[in-house]
Structures are given as structure tokens and as C-alpha cells.
2 protein chains.
Amino acid sequence: MNAPHFSTKERILGAAETLFARHGFAGASLRQVTAAAHVNLAAVNYHFGSKDNLIEEVFRRRLDELNARRIDALATAMAPQIPLLDDVLGAFIRPALELSLDQGGGHAFMRVLARAYAEHDERLRRFLSDNYGHVLREFASALGRLLPHLDKEELYWRLDFITGALTHSMADFGPMKRRGQVSEEMHRERAADHLIRFAAAGLVAP
Amino acid sequence: MNAPHFSTKERILGAAETLFARHGFAGASLRQVTAAAHVNLAAVNYHFGSKDNLIEEVFRRRLDELNARRIDALATAMAPQIPLLDDVLGAFIRPALELSLDQGGGHAFMRVLARAYAEHDERLRRFLSDNYGHVLREFASALGRLLPHLDKEELYWRLDFITGALTHSMADFGPMKRRGQVSEEMHRERAADHLIRFAAAGLVAP
DNA sequence: GTACGATTCAAACGCCCGTTTGACCGCGCC
DNA sequence: GGCGCGGTCAAACGGGCGTTTGAATCGTAC
């Protein structure tokens, strides 16, 4: 499933991501993961300590970069005297899209992320909120400056709606299927455009 | 977990819904379910045949009514000469909200539904699409009549975004927490209002 | 009261789970 | 050459899994 020149740790992370996306955290066993990664069963506990830690590392590997890109893009979008709403939304949405287009399993990761939202598990929620909650707060603050007439509660609701729409569409749960002649890249590129237009209109609603 | 005057079947369905919401389909075992329902372990296979069938019945029990209500509400919304967009959206959103407010575990069911979207499982996807896909198509057709300038593909994208936002917010994955003095009912009632306003603006975006 | 189908029950089936163990390997270093 | 050490390995641990079985119990019609 992964080329042999990757380290054991990296091969486990890649296989785990794919299988967690497909079968869920409880549904994918370490035996399946280590078989797909072509490593010994004991390697998971040797390198990661436990299955729970492996799950956290699957998130950390992707989210560190995803959120760094989001923060960077946000800074760029906010640089002008009069920042554009579409640019700020793009700073939130496009890095996720690019990740989902990434060759090395980024698409699978978007599904893993969707599963994480559905998990009620306290440990995972705390881990995600502790490590990545600040990103959402930065976007909320930036959007608050762009839309001063919008009250705080309404803004948070709408950010929540956008997150749901983004996750849902990036993990392609819905009925939208790629049309024949359109490439995967074009399909998702359009998805981002559509979502930004939709979200921008929703954000400025009276 | 459920009052003893419910039948064995009903108690199993109730407990399964709660535990599937909390731990996922793979993560909740039949031993946990039957213990919570105060029935014998073998009762699941006696009444439902298998765990997979139990999962389907958990969906059927709620979705039959949810979608019947949606279809009814859609007919009411489309009755006037000039139907209102907010009413059509309300016909889609409010029944889901009411279900999530239902005393008998409707809130848990919204989480189960969110998990179903994350499942890649072919059997479950086919079951849901075969039994309930027509509802989405009816709303798409109604909205298409109200927004004739919007091309079909764009409309389907936006419906997908709305579904994602609805699921995400009804299963309260996000950071939105109920404020102190606001009752659970008021909180969710507002959620529906916010979502309808947001979605309507997004739908009529240029 | 007895016969009979529907339901419940405790126990067992074989299988897979996450984790641990202790032996073994390859390689740089004294 | 021998030592230490990070890494890999096959095997085993106890326990939980979904499902099946066959006997016990129930409710009702005769």
C-alpha cells in the first residue's frame, strides 16, 4: 500500500489513515493496519505506545500543516487595507481542499476528520480542541472585523454551518458525483469555488 | 435505560440508538446494547437476525417519520401561488430539528445519522439511498422551480452544503454551547432559524 | 389440563481484539 | 571481537466479539 522506502512509522501512519477512513477507529484493527503497512503487529505499540496514541498522531501529522497553511493564508487575506470576505473564506476552505487533493492520502484524511466530528470520545475532542481550537478563534475574530454588524453568536453559528458544509463536501458524503469528463482536480476545485460563494452569501445575510 | 413497559424490540432499538450514537456501530457491542436494554443477549439475533439488520432498523424507525414529515411540510410550502424559499427550507430543516428535540432519543439519532454519513459501508449507503433518496430529489426539484436561474449542478452542490451544515449543527459537533439561561428547546429553535436564514442567503447567491 | 408456537435464557462456539513478552537481528563503537 | 542498543519478530496473554444452540418458560386456544 505504501512504497517500502518509507520508514516503519510513516507506513503505519499511512495505512492507519486509509483504514480509519474506511472502517472507523474501532472498526479498523491494528492487525489490518500492520498488514497493510507490511510491518509487524508489535510495531504499533513499539512506536506509538497504544492505538489511541496512533490515532492522535494520524491527526497531528496532517493538522499541523493544514492549520499552518490556514493561518498563513489568513494573514495574507487580512493584509490589505480592506480585506475581501472571499479571501478570508478562501483562507479557511482552500487549504482543506488542497489537502484533500494531496496524493499521499489527504483525501482519506478528510474522511478521518469527518469521523472525528462524529466521535463523542472525550479524549479525542479535548486533543483536537486543545491543539487546533485557536485556528477557529482566529478566523472568527477576522470575520468579526469584516462583518461588524453581525453579532457574535450569529457569527459562531454561521462558522459552524460552514465547517459542517466543508467537511461534508470534502469527504464527499453527498450525492454529488464527478461528471465523466471532469478530472478529480477540477471537480474539487469547483467544489471550493461553490462553497466560498455559498458561504460568503450566507455570512452576509441580514 | 428504557421503561419496562416497552417491548423487547423497542427497548433494543432505543438502547442501540443511544449506544451507536455514543460509540459508533463497530464500537458499541451487542452485549452493551442488550445490557442497557435489560434483555438477553440472544434477543437481538432472535428479533433482528443480525447486528447489521439491527442497524438498519434503527434508521428505519426514525427516517420513515422524519421524511414523511418533510414531504408533508414541502407540500404545504409549495401550495401557494408563489411559494416562499424560507418555507421550503423550513420544510427540510424543521422536521429534523423537531426530531432532535424529541424526548425519546431523537437527539441521539441525529448523531447516529451523522455517523452514517461518515461510514463508507456500501450496504448502509445503498439502504439509505434506496429508501430515502427520493426525498432529497423532491426538495431539489421544488427548489429548482423556485430558483429557475440556478443551474442544476450548482443547486445540488448547495443542497449538499445545507445537508452538511444541518447534520453538523443538529448533532452539535461544533463549539456552540447553549448559553446559561436559554432552554434546550429555545437553543435549537434558534439554530433552525439561523440555519434557514443562512441557507436561504446561500441559495440565492449569484 | 394439555398441546403448541413464540419468546427468553444461560452457556457455549470459534474468532479476532489490543497489548506484552522475550528472543533475535544489524550496526556503530570501544 | 564483544558490547549495547534501536528495531523487528513470532508467539502468546486474557478478554470481548457476533452468533448459535437447546432447554426452559410463557401465553393462548382447544
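Is Ala142(B) buried, exposed or partly exposed, going by its C-beta neighbours inside 10 Å? Ala142(B) counts as partly exposed because it has 18 such neighbours; the cut-offs are 20 or more other C-beta atoms within 10 Å for buried, 12 or fewer for exposed, and anything in between for partly exposed, with C-beta atoms placed from the backbone. This is a predicted model, where local features need pLDDT of at least 70 and side-chain atom pairs count only at pLDDT 80 or more, while totals for chains, interfaces and linings use all residues. Residues are numbered from 1 along each chain as its sequence is written, and chains are lettered from A and ligands numbered from 1 in the order in which they are written.

Ala142(B) sits in helix H7 (residues 122–146) of chain B (helices are DSSP runs of H or I, at least four residues, numbered from the N terminus). Setting aside neighbours within four places in sequence, Ala142(B) touches Leu74(B), Met78(B) and Val88(B), contact meaning C-beta atoms within 7 Å. Met78(B) is 64 residues away along the chain, yet its C-alpha atom is 7.7 Å from that of Ala142(B).

As for the two chains, 35 residues of chain B meet 35 residues of chain A. On the chain B side, H8(B) brings the largest share, 12 residues.

Notes:
Helix = DSSP H or I, 4+ residues; strand = E, 2+ residues; numbered from the N terminus.
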